[in-house]
Amino acid sequence: MIINSIVSGGSNSQCLPLAELGDDYGLCKGSVAVYNRFYSLERVVRCQDALSEMLGGILTRAIARVPQPLRASGQLIYCKTQTHNTFCDENWLSTFAHNHGLSRWEICSWAMTNCASALAALHYIAASRAGEPIIIITGEKAFHPGISRLSVGLLSEAPAAAVLNVGDCGWRILGTHVRHLGQFYQNPEDMSPAQKKEFQAVYATSLQSFVAESLTKLSSDRNDSFVIIPHNLNIPVTRSAIRNLGHEERIFYGDVSNQGHAYCSDAFINLDLFEASRTSPSRAGQQVFLLTAGMGVTFASCLLERVADP
């Protein structure tokens, strides 16, 4: 299974300084200072478009990466965190796909694994060995201070997509790993004091042990060139977990300061940034280890290896 290409970024998007977010994020000067100092956040991405238009732009670009002879059938998967921001009573996802010429494609959404959904979907797809084109789209609207601000990060409106099974070059999926901590199915803000205390006590160690488990599970496939690309959330905890395992020098961060946490889009956006960076060799054999976490709690990882262009 190969990720042939990544597309990211909305045409009507802009990076806004935290001080300009105002009531949309419920930020005061003190909280802005905290996000600046502890989480390296300076700006977040906002998109002027409504959800369907925001995703429509990225889907159009993704479809353009699918050769015409392969477009007759395939899978479209929308990975998301929120369950309350789409028009479920209007069958919106099928209508959305139909409007983009994908009426014969299988359509589904992933939500229960929250911000880990994109890599959880790759975990499923890699096991299924599907042979037809697959497009995974991500991106959501951070439209209310009740959901746009987390204690460990701020949310961005940044769409992205991955196109799979349309060629022989790109990033081959060598292996995946997923682990659920089902007792923490609620967001921290909704937990009881006792459960929140337990969550805070085990989250960092659980993330670290998951990374260790993943690297052990994938040890027969990974080589010494692998780079770790984590999500854009709770950078201090993520950095500490990877540093404790002796791999801090391998981390490639996305543009955390100007991007914020883009829900399920982080993995694809950061992989896209890695490919565009000077630190990303184009030679075959380069490996990346993608890491994401979502409330629920779900940890997900994926080891990719670059397949050279013919």
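Trainee: How many disulfides does the count come to by the rule?

Mentor: A disulfide is a covalent bond between the sulfur atoms of two cysteines. The rule asks for a pair of cysteine sulfur atoms within 2.5 Å, and by this rule the count comes to zero. Cys169 is in no disulfide, as the nearest cysteine sulfur, that of Cys302, is 17 Å away. Please note that this is a predicted model, in which local features need pLDDT of at least 70 and side-chain atom pairs count only at pLDDT 80 or more, while totals for chains, interfaces and linings use all residues. Residues are numbered from 1 along each chain as its sequence is written, and side-chain values use heavy atoms, with hydrogens and water left out.

Trainee: Which residues line the largest cavity?

Mentor: Rolling a probe the size of a water molecule over the atoms shows where empty space is left. A cavity is a set of points, on a 1 Å grid over the protein atoms alone, where a 1.4 Å probe fits but cannot get out; lining residues have an atom within 4 Å of a point. Among the lining residues of the largest cavity are Tyr39, Leu41, Val152, Asn232 and Val256. Its volume, the space filled by probe spheres set on the points, is about 30 Å³.

Note on methods:
1 Å grid on protein atoms, 1.4 Å probe; cavity = no way out; pocket = protein on both sides within 12 Å on 5 of 7 lines; lining within 4 Å.
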